[in-house]
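The following paragraphs lead through selected features of the structure shown below. The reader may wish to keep the coordinates open while following the text.

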Amino acid sequence: MPRALITGITGQDGRHLAQLLVGKGYDVYGMVRGQNNPKIHILQDETPELEIVEGDLQDLSSLIGVVEQVQPDEVYNLGAISFVALSFRQPELTADITGVGVLRMLEAIRVVGGTQDNRIRFYQASSSEMFGKVRETPQNEMTPFHPRSPYGTAKVFGHYTTLNYRESYGLHASSGILFNHEGFRRGLEFVTRKVTNAVARIKLGLQDTLTLGNLEASRDWGYAGDYVEAMWRMVQQDEPGDYVVATGETHTIRDLLEAAFQAAGIDDWQALVQTDPRFTRPAEVDLLIGDASKAREVLGWQPTVDFPTLIKMMVDHDLEVEARKARQVQ
Ligand code: F7E
């Protein structure tokens with residue numbers, strides 16, 4: 001059985017990828033920092049086959065230990081400080097985990113797997129945030145980067161470090177430039193889930209209004225379950241490479257609000273939404289829209305869930321979860 005090691009296993013993508021790989025017959029190891037991570041029981045309920053190993057992207061020795069222990073065929077580096085707003089408040093921590101963490105994991109692979117004929121394949125979770133103040137629209141693998149946050153700059157470092165290890169040591173190291181991808185496992189701090197959860201609570205009479213930041217930003221939103229399939233396909237190629245993964249459609253936060261309220265059967269929503277500068281960022285990424293032609297042609301990948309279906313899926317899930325929680329309180 002092939003063995004896969006996933007960092008960032010407790011995050012949305014880690015959870016989707018673990019299920020995908022278990023379904024494909026892999027032995028899957030998920031790395032967490034500290035055994036007391038409160039999300040471990042969710043992982044064990046969801047994917048009982050998953051093995052938990054302890055390691056820290058801030059500590060090279062621990063990563064060498066994990067790679068030696070697991071002896072993986074494939075390493076998926078999804079671990080990061082991934083909330084852009086937080087990266088402005090903790091830029092140094094973000095640079096260390098999201099940026100230098102990539103270098104540490106690649107070093108661990110180089111040291112354990114050796115420089116001659118290293119068989120460990122590596123996937124780096126790069127991000128459309130690297131495009132930032134976009135130089136062209138839509139964005140593809142050749143579009144220059146102009147990151148607009150400490151998160152974006154850290155991802156650029158991780159992206160180029162991946163390329164550098166590929167070119168210097170011949171590692172099979174690929175980088176997926178993933179545009180926003182969402183779903184019912186998305187954290188409540190991200191805008192899609194914040195909106196779908198609040199809309200569900202408003203519908204159920206548990207909350208009156210919703211407060212957001214910039215409503216004009218546009219994002220290319222896809223479904224996370226589709227995007228982890230693209231990660232796996234990249235790693236299966238004979239040659240490593242960089243791939244944009246996106247739907248090719250963009251929507252504003254206003255469109256998201258419209259879709260979410262519509263999914264809950266609320267037509268007149270304008271008065272239910274407020275804005276507060278607390279939720280705006282020192283620098284914004286105004287418009288993202290990806291050109292995933294290369295992923296389509298080389299990987300045979302394409303998204304299967306469109307924007308209205310994605311948002312409806314999330315609203316339905318949140319209606320169910322919030323109604324259940326409300327019943328338990330009574
Ligand atoms: O913000 C605007 C906000 O936090 C989306 C991460 O997975 O995707 C994600 O990064 C947009 C921004 O995601 C609120 O200003 C308005 O323009 O959901 P988000 P993100 O920053 O695009 C990329 C690809 C990643 O790699 C990241 O790791 O929504 N917005 N009002 C708001 N955003 C939040 N979170 N909360 C608001 O109240």
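In this predicted model, helix α9 (residues 253-263) and helix α11 (residues 307-329) approach each other with their axes within 9 Å, crossing at roughly 55°. An angle from 65 to 115 degrees would count as roughly perpendicular and one under 35 degrees as roughly parallel; α9 and α11 are therefore oblique to each other. The crossing in which α9 passes α11 is right-handed. On the α9 side, the contact is formed by Asp255, Leu256, Ala259, Ala260 and Ala263, and on the α11 side by Phe307, Ile311, Lys312 and Val315. By class, the residues of this contact comprise 7 nonpolar and 2 charged, with no polar ones.

Helix α9 also packs against helix α7 (residues 191-203). Here the axes are 10 Å apart and the angle is about 35°. The crossing of α7 and α9 is right-handed. From α7, the residues Val191, Thr192, Val195, Val199 and Ile202 meet Ile253, Leu256, Leu257, Ala260 and Phe261 of α9. This contact of α7 with α9 contains 9 nonpolar residues and 1 polar residue, and no charged residue.

The next topic is the division of the chain into domains. Domain 1 covers residues 3-182 + 222-245, and domain 2 covers 191-219 + 250-289 + 305-329. Their C-alpha centres are 28 Å apart. How many residues of each domain are in contact with the other? Domain 1 contributes 19 residues and domain 2 contributes 14. The size of an interface is often expressed as the accessible area lost when the parts come together. Between domain 1 and domain 2, about 1400 Å² is buried, with 63% of it on carbon and sulfur atoms. Of the area that domain 1 buries against domain 2, 34% is supplied by Arg148, Glu182 and Tyr223, more than by any other three residues.

Two details of the backbone remain. Most peptide bonds are trans, and most residues other than glycine have a negative phi. The bond joining Thr137 and Pro138 is a cis peptide bond, with omega about -5°. Pro138 lies in the loop between β5 (121-127) and α6 (150-169). Gln71, although not a glycine, has a positive phi of about 50°. Gln71 is located in the loop between α3 (60-70) and β4 (74-77).

Terms used
Residues are numbered from 1 along each chain as its sequence is written. This is a predicted model: local features need pLDDT of at least 70, side-chain atom pairs count only at pLDDT 80 or more; totals for chains, interfaces and linings use all residues. Side-chain values use heavy atoms; hydrogens and water are left out. Axes are lines fitted to C-alpha atoms, for helices over the stretch in contact, and angles run from 0 to 180 degrees between N-to-C directions. Helices (H or I, at least four residues) and strands (E, at least two) are DSSP runs, numbered from the N terminus. Angles under 35 degrees count as roughly parallel, over 145 as roughly antiparallel, 65 to 115 as roughly perpendicular and the rest as oblique. A crossing is left-handed if the near helix is turned anticlockwise from the far one by less than a right angle, and right-handed if clockwise. Contact means heavy atoms within 4.5 Å. Ala, Val, Leu, Ile, Met, Phe, Trp, Tyr, Cys and Pro count as nonpolar, Asp, Glu, Lys and Arg as charged, and the others, Gly among them, as polar. Domain bounds come from an automatic or database domain assignment. Buried area is the accessible area (1.4 Å probe) that two parts lose on being put together, summed over both.
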